[in-house]
Amino acid sequence: MTEAPEHLALPIALAEVAKIGFEWEWDEETDEARGCDFELYERFEAPEKTAWWFRLWTGNEEVDGSEFRFFGATGAGDYVGFWLVRPGMSITEQPVVYLGSEGERGVIARDLGDLLRLLADGSGPAEAFADPDRETQPNEAFRAIAERYAPGRHRSAAEIVAGAREEFPGFSEFIDAMCR
């Protein structure tokens, strides 16, 4: 594995989650998914790739997605990353957003600590976006990471997502303004 340029290196907590990885499977008999459909990148997506994808996704050649640092995707092509909306704050203090392949979008966590708690709860980004109240199977390995990097922040996935959406109610309109 090659070393990521410094500006593309994931925060340590996300790198630890990436080493563990996610399990996801579809049960044909019950027509239900188990686990989290999410793949963390080894590093943040390069700005030129973000610009290419974001222009395609918005249909707007004038935008470049530079207000985002994407760090993962689902099998369906949904993107997940930090929204750099808090001036002067570190990347780990920025909200985490979900941009779906079909235009769905939303803020799912107020910061990295909340994302770690979602993962510990057994929710991936797509699951947290689509159904934060769903029954989950907690992930003990992710819980240990969350305890190290976000101690004492015990809340349900529904509470985390609701708090993020409440703090950033204009995210969808922000995206709408860029779409053509």
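This passage describes the fold of the protein as a whole and then two of its residues, Ala128 and Arg105.

The structure is a predicted model, in which local features need pLDDT of at least 70 and side-chain atom pairs count only at pLDDT 80 or more, while totals for chains, interfaces and linings use all residues. Residues are numbered from 1 along each chain as its sequence is written, and side-chain values use heavy atoms, with hydrogens and water left out.

The protein contains 7 helices and 7 strands, where helices (H or I, at least four residues) and strands (E, at least two) are DSSP runs numbered from the N terminus. Their order along the sequence is α-β-β-β-α-β-β-β-β-α-α-α-α-α. The radius of gyration, taken over C-alpha atoms, is compared here with a globule rule of 2.2 Å times the number of residues to the power 0.38. For 180 residues, a compact globule would come near 16 Å, and the protein agrees because its own value is 16 Å. The C-alpha trace spans about 40 × 35 × 35 Å along the principal axes.

Of the 180 residues, 44% count as buried, a term that means under 20% relative accessible area, with exposed meaning over 50% and partly exposed in between (1.4 Å probe, protein chains only). The accessible surface amounts to about 9700 Å², and carbon and sulfur atoms account for 49% of it; the areas come from the Shrake-Rupley method with a 1.4 Å probe. Taking contact as heavy atoms within 4.5 Å, 58% of the contacts between residues at least 6 apart in sequence join residues at least 24 apart.

Helix H4 (residues 125-130) holds Ala128. With a relative accessible area of 0%, Ala128 is buried. Beyond residues up to four places away in sequence, Ala128 touches Leu118, Ser123, Val161 and Arg165. Asp111 is 17 residues from Ala128 along the chain, and the C-alpha atoms of the two are separated by 14 Å.

Turning to the strands, Arg105 is found in E7 (residues 105-109). Arg105 also counts as buried, its relative accessible area being 18%. A polar atom of the Arg105 side chain lies 2.9 Å from the backbone oxygen of Gly103.

Technical notes: A polar contact is a pair of N or O atoms within 3.5 Å; within protein, one must be able to donate a hydrogen and the other to accept it, and residues adjacent in sequence count only if both atoms are side-chain atoms.
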